[in-house]
Structure formats: structure tokens, C-alpha cells
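Here are my notes from a pass through this one. Have the model open while you read, and tell me where you'd look next.

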Amino acid sequence: MTATITAVEDWLQRAVVGLGLCPFAAQPLLQRRVRIHVSLADTVEALLGDLHEECVRLDETPVEALETTLIVIPSMLADFEDYNDFLDPAEALLRHFGWEGVYQIASFHPDYRFAGVPAHDPGNLTNRAPYPLLHLLREASVEAATATHPDAESIPERNVARLQGMSAEARQTVFGARAG
């Protein structure tokens, strides 16, 4: 489990913060308000249980102590299509428990690809992580962060352009095998 957490922390430092893919990530990381939970789930039901528990943890913990949670899924959903299919029941869980509009799920996967984009397009790297993971974000925090950013709406396009403009070697250095 330690190697899994180390891989995710390295990805956060090198890609997410290092490349500025999320201009809002550095501060919560520095303040240790990002929880990395490695799920031992091996069924959809168990993973939904972990998602529920982490939402409850966010409910019960002040934002000053816990900003966001990454649920790392090393034992299942290795296939991107299976992972993508899981997002529907995950979103349904948020709706069922009244967390829609309170939390949102950002999705990351080693083989992430945007609809209609070739698998090897460097722009897909914006959502590639060392393991399948669910990033639970507090909606209020997202709204507050984007309200203070001069051009929050252009962040995704800027990230894609940045990654497409990097050399293959530079992408390999940051993303390893996921760059391929």
C-alpha cells in the first residue's frame, strides 16, 4: 500500500502541481488537507461502500482539516471502459445520499481518454494517473477557487495545449508509461 500512495503522491507533485494542471492543488497539498485512501475493494459494491465512507468523512471533517480525498483503486477497474461504466453508479450514490451539489467526482485513470480523442493524444494525460482513482472535491471549494482565478474556464484547454506542446521525452519524464 505504501508504494501505491508514493506513486500517487509522486504524480501529484510532478504532474498535477509540477505542470500546473490544477492551479488549486498546491496549497491543500502543502497544508496536508488532501487524503489519499487506497481502496481494497474488489467488487463494485465494496467500492461504492468506500466512496460512501469517504463522503461521510468529508461531511464530518471541517474543510480546514480536510479539503479533498483521492480514492485510489489498485485492485479493480484497470480497464478504462469498466472504470468509465463505474462512474454512473458512483454519481447515483451521490444523488441518493443528497451529496449532488455538495461533492463532485473528478475521474483519473492510467488509460484515460476523452471521447472522440485518439488514445495516444497527449491531451489525455491531463486525466491520467498511476491508478484508477476518484477525486472527491467539495463543490463549495471548487466554486471559491474558480471565482478567484482570472480565467478558470480555459484551464482544461490550456492543459491540453501544454501537454501537446511538450516533447515526447518530457511527457515520458513526468508520466512514465502513461505518456505512451
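**Notes on the predicted model**

1. Let's start with E100, which is exposed, with a relative accessible area of 55%; the cut-off for calling a residue exposed is over 50%, so E100 qualifies. Bear in mind that this is a predicted model. E100 sits in the loop between α4 and β3. Leaving out residues up to four places away in sequence, E100 touches L94 and R95. R158 is 58 residues from E100 along the chain, and their C-alpha atoms are separated by 28 Å.

2. At its start, a side-chain oxygen of D79 comes to within 3.0 Å of the backbone nitrogen of E81. Just after the helix, G98 has a positive phi of about 75°.

3. Which residues of α4 are buried? They are F80, Y83, F86, L87, A90, L93 and L94. Their packing partners are α3 (44-60), β3 (103-108) and β4 (133-138).

4. That brings us to β4, where six of six residues are buried. In a regular strand, side chains alternate between the two faces of the sheet. Here L133, H135 and L137 point one way from β4, while L134, L136 and R138 point the other way. Note that R138 is in the buried set too.

5. β4 has antiparallel pairings with two strands. With β2 (residues 68-72) there are four bridges, and L70 is the bridge partner of H135. With β3 there are six bridges, and S107 stands opposite L134.

6. Last, the largest pocket, with about 970 Å³ of space. Of its 35 lining residues, L21, C22, F24, H135 and L137 are the closest to the centre. Two or more lining residues come from each of α1 (2-17), α2 (26-30), β2, β3, β4, α5 (139-148) and α6 (155-165). The largest share, five residues, is from α5.

Conventions. Residues are numbered from 1 along each chain as its sequence is written. This is a predicted model: local features need pLDDT of at least 70, side-chain atom pairs count only at pLDDT 80 or more; totals for chains, interfaces and linings use all residues. Side-chain values use heavy atoms; hydrogens and water are left out. Buried means under 20% relative accessible area, exposed over 50%, partly exposed in between (1.4 Å probe, protein chains only). Contact means heavy atoms within 4.5 Å. A polar contact is a pair of N or O atoms within 3.5 Å; within protein, one must be able to donate a hydrogen and the other to accept it, and residues adjacent in sequence count only if both atoms are side-chain atoms. Two strands pair if DSSP finds at least two bridges between them. On a 1 Å grid over the protein atoms alone, a cavity is a set of points where a 1.4 Å probe fits but cannot get out, and a pocket is an open set with protein on both sides within 12 Å along at least five of seven lines; lining residues have an atom within 4 Å of a point. Grid points are joined across faces, edges and corners, and a volume is the space filled by probe spheres set on the points.
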